[in-house]
Amino acid sequence: MEKLFTKPAYVIITAAICNMLWGSAYPAIKIGYELFAVTDAPQKILFASIRFILAGLMVLALSVPIQKKAPTFKKEAFFPILLTAFVYTFLEYIFFYIGLSNTTGSNGSIFNSTSTFMAVIIAHFVYKDDKLTAKKLIGSAIGFAGVIAATMSGGRFSFKPDGEGFIMLAALCFVIGSMISKHAAKTTPVMTVTGYNLLFGGIMLTVFGLAPGGMLTQISAKGIFVLLYLAFLSACAFTLWTMLLKYNPVGSISVYNFIIPVFGTLLSALLLKEDALRWEYLLSLALVCAGIIIVNAPKKAQKP
């Protein structure tokens, strides 16, 4: 697995697939809200919980023939896996689902790209070999300028704490959760970590959604299809991403996160009829992508 997931061509293809899937989640979630008649916060959390429970069960079921053993883990691995589920699935998607309902799919995908720049800052304090540099600071500044550009409407700054603000909190949870899952995958098979992360996180979300009376009352074949697609993309993307994290530095693969806002914005325009050709969005996408690429650009080889 290490030889496979460290080959440059395979890393590029795998990372691109993960981020294209995550980008497609933005319009898919909004379509799901409409099909299931989801309006309040408890319903949104319950909708998310079903998605992740299904995704976790998918991963755990597939892990048996792939890993050739039952998806079990040692007692000492329980807390890291539970912590991964709490941050990576439970907290992240509480913020994500509520935040996305209060902003556009295009804005959501662009603001979520702040995870790349948060990773640069947090990695400075967590990993000794991943310190801040002038290049990273410049790239982060350009990227954040792109995020701000996405909030400009008619030349005025517009930012909703429970919309774009929650999306940024979800991005922070994604970064921290990625680091925790990377640690958990050192001693436990990746599919086992991913499966229980999604399953445990989904169960937590279920309790959180049901407690205030959340209920999905409008069920349709189209709605079930969208829900199954969301579950599939989570199962696939989280498994592959955790595998990449296990064998590669966080910074070296985070460059591919620029695909999320591009793909999310394009699909939101296509499926949700959002105006993605506004100059604010085009400028934002250009700056966000430039910032991510600069942050993750390889060092120049020193002349002998």
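Throughout this tour, a residue counts as buried when its relative accessible area is under 20%, as exposed when over 50%, and as partly exposed in between, with a 1.4 Å probe and protein chains only. The model is predicted, and local features need pLDDT of at least 70, side-chain atom pairs count only at pLDDT 80 or more, and totals for chains, interfaces and linings use all residues. Residues are numbered from 1 along each chain as its sequence is written, and side-chain values use heavy atoms, with hydrogens and water left out.

**The whole chain**

Colouring by secondary structure brings up 12 helices and 2 strands, where helices (H or I, at least four residues) and strands (E, at least two) are DSSP runs numbered from the N terminus. Along the sequence these elements follow the pattern α-α-α-α-α-α-β-β-α-α-α-α-α-α.

**W22 and W241**

Next, select W22 and W241 and display their side chains. They form an edge-to-face aromatic pair, with 5.4 Å from centre to centre and 75° between the planes. Here rings of Phe, Tyr and Trp (its six-membered ring) pair if their centres lie within 6.5 Å, and planes under 30 degrees apart count as stacked, over 60 as edge-to-face and the rest as tilted. Because W22 lies in helix α1 (residues 8–35) and W241 in helix α9 (residues 221–247), the pair ties together parts that are 219 residues apart in sequence. W22 is buried at 7% relative accessibility, and W241 is buried as well, at 2%. Over the whole structure, the search finds 22 aromatic pairs.

**C18 and C236**

Now select C18 and C236. A disulfide is taken as a pair of cysteine sulfur atoms within 2.5 Å, and a search of the whole structure finds 0 of them. For C18, the nearest cysteine sulfur is that of C236, 6.5 Å away, and for C236 the nearest is that of C18. C18 is buried, with a relative accessible area of 0%, whereas C236 is partly exposed at 22%.

**Helices around α9**

Axes are lines fitted to C-alpha atoms, for helices over the stretch in contact, and angles run from 0 to 180 degrees between N-to-C directions.

Then show α7, which packs with α9 at about 65°, the axes being 9 Å apart. These two helices are therefore roughly perpendicular to each other, and α7 passes α9 in a right-handed crossing.

**α3 against α7**

From α7 (residues 161–184), move to helix α3 (residues 78–101), where the packing angle is about 165° and the axes are 8 Å apart. That makes α3 roughly antiparallel to α7, and their crossing is left-handed. The residues of this contact divide into 18 nonpolar, 6 polar and 2 charged, with Ala, Val, Leu, Ile, Met, Phe, Trp, Tyr, Cys and Pro counted as nonpolar, Asp, Glu, Lys and Arg as charged, and the others, Gly among them, as polar.

**F117**

Finally, select F117 in helix α5 (residues 114–126), a buried residue with a relative accessible area of 0%. F144 is 27 residues from F117 in sequence and 8.0 Å from it in space, C-alpha to C-alpha.

Methods:
Parallel < 35°, antiparallel > 145°, perpendicular 65-115°, else oblique. Left-handed = near helix turned anticlockwise from the far one by under 90°.
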